[in-house]
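Biologist: Could you take me slowly through the salt bridges of this model, and through the places where their partners sit?

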Amino acid sequence: MTSAETPFAVGFTLPDHTQLPDSDGTFVKNFPLGVELGIWQGRYTNMEFPWLRWWDAQGNLLLDGTEAQIAEDRAQLAEDRAERLAERLKAMGVNPDDLT
């Protein structure tokens, strides 16, 4: 992918004169809230690009509101499914806590 195809200008400078990284995976550090800006390659808003995204100090991608809601919904579905399975096992006389 060429820089002309990216959704932001590589080498762009923020208003405080912080230089954004090239698309080599490096990060802009030292933001007051302990987060970093970095390049993430992937599909977002149904478009595949290298995206400028927020990361925590440990290098974990910070999810936006929609992504966080999807992750929460998936976790809730998994928990609900596990509870239903435990109830079925109990109905069959099996204690799910005894299974390893």
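**A close look at the salt bridges**

Modeller: R53 and E67 form a salt bridge in which the closest N and O atoms are 2.6 Å apart, where a salt bridge means a side-chain nitrogen of Lys or Arg within 4 Å of a carboxyl oxygen of Asp or Glu. This pair links distant parts of the chain, since R53 belongs to strand β3 and E67 to helix α1 (residues 65–91), 14 residues apart; helices (H or I, at least four residues) and strands (E, at least two) are DSSP runs, numbered from the N terminus. The model is predicted, so local features need pLDDT of at least 70 and side-chain atom pairs count only at pLDDT 80 or more, while totals for chains, interfaces and linings use all residues. Residues are numbered from 1 along each chain as its sequence is written, and side-chain values use heavy atoms, with hydrogens and water left out.

R53 is buried, with a relative accessible area of 7%, and E67 is buried as well, at 19%; buried means under 20% relative accessible area, exposed over 50%, and partly exposed in between (1.4 Å probe, protein chains only).

A search of the whole structure finds 2 salt bridges. K90 forms one with E87, the closest N and O atoms being 3.9 Å apart, and both of these residues lie in helix α1, 3 residues apart, which is about one turn of the helix. K90 is partly exposed, at 48% relative accessibility.

Returning to the strand, L52 lies in β3 (residues 47–56) and is partly exposed, with a relative accessible area of 29%.
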